Amino acid sequence: MPRVDADLKLDFKDVLFRPKRSSLKSRSEVDLQRTFTFRNSKQTYNGIPIIAANMDTTGTFEMAQVLSKHTLFTAIQKHYSLEEWKTFAAEHPECLEHVAASSGSGKADLEKLCSILEAIPLAGNVVTGEMVEELILTGADIIKVGIGPGSVCTTRIKTGVGYPQLSAVIECADSAHGLKGHIISDGGCSCPGDVSKAFGAGADFVMLGGMLAGHDQCAGDVIEKDGKKFKMFYGMSSDTAMKKYVGGVAEYRASEGRTVQVPYKGDVENTIRDVLGGVRSTCTYVGAAKLKELSRRTTFIRVTQQSSQIESC
């Protein structure tokens, strides 16, 4: 018979931080830098652990140029050629400590990834998987956590498979940290407060897709419609992405991504400052002088709504 897990599972929208006594006098006192030494590769990472998702609209070299100035990470989308990587590395060597190369799972994908890594020294070792403990014990440094929470992901609708992201992060972080591994919370963030909640739940890194969509640094042209400006944003398992790269959706599978027009937002610099400012404010409210302390200072309270809604003038 099917088994039903009756334990309560929570998403970012279901909780708020409980404010706590704080000795911080200003948000400027909060240190968002983290340093990690990875369990298996022994490589060391230093920076603000927020990652632009490796989607072909957001995981661009242009995005990396801006994010690296703030020591944020960019997971570069997998469809750039070796020649494009070499050009980027030659023109922007200062960015290389804050980018990661992405790959598919086929033999040709692995060969391409190896050729990139041989030509260009990169930091980071990002992998995807559900079985955190098994993956760490078999050599992974970082596990990317999230099934279906993304804004343009339809996996939960098409397959009925998924896991509320806050609970997924809490449970996977516990497993990973027990083995001195690390996790990335991938998907589900729609505002700066959600980024803070992911860190508070125990994520070492937080990956953003939709929050970084629609900017100048994203791939694609600006579209004008009814006097307003938009840019295209789509999931990497969408009809749009699969038609673009593999000629369409294979007969044996369904599309698991949406294609949407997001409002044009201009330079991503402004959004990054908003996100970092929000995380600093969270730390201030709970008394965490460093991002490293946030999860230890976190108590979540369940809520029925996040905020009072009122239409803007």
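K197 forms a salt bridge with D194, with the closest N and O atoms 4.0 Å apart; a salt bridge here is a side-chain nitrogen of Lys or Arg within 4 Å of a carboxyl oxygen of Asp or Glu. Before I go on, this is a predicted model, in which local features need pLDDT of at least 70, side-chain atom pairs count only at pLDDT 80 or more, and totals for chains, interfaces and linings use all residues. Residues are numbered from 1 along each chain as its sequence is written, and side-chain values use heavy atoms, with hydrogens and water left out.

Back to the pair. D194 sits in helix α7, residues 192-200; helices are DSSP runs of H or I with at least four residues, strands are runs of E with at least two, and both are numbered from the N terminus. Because K197 and D194 are three residues apart in α7, about one helical turn separates them. As a reminder, an α-helix has 3.6 residues a turn, so residues three or four places apart point the same way.

Is the pair buried or exposed? Both K197 and D194 are buried, where buried means under 20% relative accessible area, exposed means over 50%, and partly exposed is in between, with a 1.4 Å probe and protein chains only. For D194 the value is 5%. A polar atom of the D194 side chain also lies 3.0 Å from the backbone nitrogen of S190. Leaving out residues up to four places away in sequence, D194 touches F12, G188 and C189; contact means heavy atoms within 4.5 Å.

Next, the other salt bridges. The whole structure has six. One of them joins K9 and E171, with the closest N and O atoms 2.9 Å apart. K9 is in the segment before β1 and E171 is in helix α6, residues 165-178, so this pair ties together parts 162 residues apart in sequence. K9 is partly exposed at 24%, and E171 is partly exposed at 34%.

Another salt bridge runs between E269 and R273, at 3.0 Å between the closest N and O atoms. Both residues are in helix α9, four residues apart, about one turn of the helix. E269 is buried at 14%, whereas R273 is exposed at 54%. Salt bridges with shared partners join K69, E269 and R273 into one network.

Helix α9 comes up again in the core. A nonpolar core is a set of buried Ala, Val, Leu, Ile, Met, Phe, Trp, Tyr and Cys residues joined through side-chain atoms within 4.5 Å. The largest one has 47 residues, and those with the most contacts inside it are I50, L67, I183, V195, V206, L208 and L212. Which element gives this core its largest share? Helix α9, residues 268-286, does, with seven residues. A second, separate core has 17 residues, among them Y45, I184, F205 and A213. As for L212, its contacts beyond four places in sequence include L67, V268, T271 and I272.

Now helix α2, residues 82-91. W85, F88 and A89 are buried there. Looking down the axis of α2, the buried residues fall within an arc of 100°, so they line one face of the helix; the arc is that of the directions from the helix axis to the C-beta atoms. The face turned away from that side carries the exposed residues E83, A90 and E91. The cover over the buried residues of α2 includes α1, β5, β6 and α3.

Last, the annotations. UniProt, in an unreviewed entry, places "active site" at C153 and T155; positions are in the numbering used here, feature names are shortened, and annotations may be inferred rather than shown by experiment. C153 is in the loop between β8 and α5, and C153 is partly exposed at 28%. T155 is in helix α5 and counts as buried at 13%.

R27 is in the loop between β1 and β2 and is partly exposed at 37%. Setting aside residues up to four places away in sequence, R27 touches R280, S281, T284 and Y285. C283 is in helix α9 and is buried, at 0%. Beyond four places in sequence, C283 is in contact with L24, V30, A288, L291 and L294.

Technical notes
A polar contact is a pair of N or O atoms within 3.5 Å; within protein, one must be able to donate a hydrogen and the other to accept it, and residues adjacent in sequence count only if both atoms are side-chain atoms.
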